[in-house]
Amino acid sequence: MLYFFPQMQTKIANEGWATLCHATILHRLDLSADEYVDFADLHAGVVQPGKRRPNPYHLGFELLKTINRRYGGDDETLAPELFDLREDASDLSLIRNELTQELVEELDLYVYARIDDELVVTDTQWEAVRDRLLTDLTGYGFPIIVAVDGDHEGRRELLLRHEWTGKPLDLAHARHTLEHLHRLWGRRVWLETQDADERPQLLAYDPRTGHHPAA
């Protein structure tokens, strides 16, 4: 897993950098009209905005292009400051420090949630969008689960806790995970978490009784 951490930490930055460099190089070339149309068509496909989640190529490209222009770069030139930023930037630092209200509005970014059977826009404020992106990037998109007690209530049962980041667990996946953990642990496994309204939930699995409902 450690092998993949650097890639997880820089997905937006890396894909944005590659896309920006590719576009900059192509703008420097003396392309024919047909060649430029082919490039524009391929480029547009790569940076197509995501339907339900940000496309890292799109978000990274737009972020780095905006920063480049801020420091005097253009379609054919990359500013030296951009290279300095690229050496140290992670996705978290890039979003936290460089995502602006103007860019959020330009890219039409928003926060949404599933309410009943519909996806509903819940917030369009740029700070809320930034904070949601940061939350989703924390833990590289994986929920953080910690082992709290290997002898829960003196019964040698395993108690786990979901570190709350504002995003509830997918309960179907959580229950399947508890089943697999039970096979490894050999006894009942408990999981403390919260629902979308931040109300405590306690899940458990034991093959003799099945899943315990949230409590």
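These are my notebook entries from a first look around this structure.

**Entry 1: the whole thing.** I began by noting that the model is predicted. I counted elements next and found nine helices and seven strands in the protein. For overall shape, I looked up the radius of gyration: the protein has 22 Å, whereas a compact globule of 215 residues would have one near 17 Å. The C-alpha atoms fill a box of roughly 75 × 40 × 30 Å along the principal axes. I also checked burial, and buried residues make up 32% of the 215 residues. The protein exposes about 13800 Å², with carbon and sulfur atoms supplying 52% of that area.

**Entry 2: the cores.** Which residues have the most contacts inside the largest nonpolar core? I found Leu59, Leu63, Leu64, Leu82, Leu94, Ile95 and Leu99, in a core of 28 residues. The elements giving two or more residues to this core are α2 (11–28), α4 (56–70), α6 (91–98), α7 (101–107) and α8 (126–137). Of these, α2 gives the most, with six residues. Another core, of nine residues, lies apart from it, and I noted Ala174, Val189, Leu203 and Tyr205 among its members.

Leaving out residues up to four places away in sequence, Leu99 touches Leu63, Leu94, Val104, Trp126, Arg130 and Leu133.

**Entry 3: a hairpin.** I turned to strand β1 (residues 111–115) and strand β2 (residues 118–123), which pair in the antiparallel sense over five bridges. Together they form a hairpin with two residues between the strands. Ile115 stands opposite Glu118 in β2. In the turn, I noted that Asp116 has a positive phi of about 60 degrees.

**Entry 4: salt bridges.** How many salt bridges does the structure hold? I found twelve. Here are some I wrote down.

- Asp131 counts as partly exposed, at 37% relative accessibility.
- Arg161 bridges to Glu192, with the closest N and O atoms 2.9 Å apart. This pair links distant parts of the chain, since Arg161 sits in strand β4 (residues 157–162) and Glu192 in strand β5 (residues 189–194), 31 residues apart. Arg161 is partly exposed at 34%, and Glu192 is partly exposed at 27%.
- Asp195 pairs with Arg199, the closest N and O atoms being 2.7 Å apart. Is Asp195 buried or exposed? At 12% relative accessibility, Asp195 counts as buried.
- Glu153, Arg155 and Glu157 are linked in a network of salt bridges.

Terms used: Residues numbered from 1 in each chain as written. Predicted model: local features only at pLDDT ≥ 70, side-chain atom pairs only at ≥ 80, totals over all residues. Heavy atoms only, no water. Pairing = 2+ DSSP bridges. Helix = DSSP H or I, 4+ residues; strand = E, 2+ residues; numbered from the N terminus. Core = buried A, V, L, I, M, F, W, Y, C linked by side-chain atoms within 4.5 Å. Buried < 20%, exposed > 50% of the residue type's maximum accessible area, 1.4 Å probe, protein only. Contact = heavy atoms within 4.5 Å. Rg over C-alpha atoms; globule rule 2.2 N^0.38 Å. Areas by Shrake-Rupley, 256 points an atom, 1.4 Å probe, with all protein chains shown as cover. Salt bridge = Lys/Arg side-chain N within 4 Å of Asp/Glu carboxyl O.
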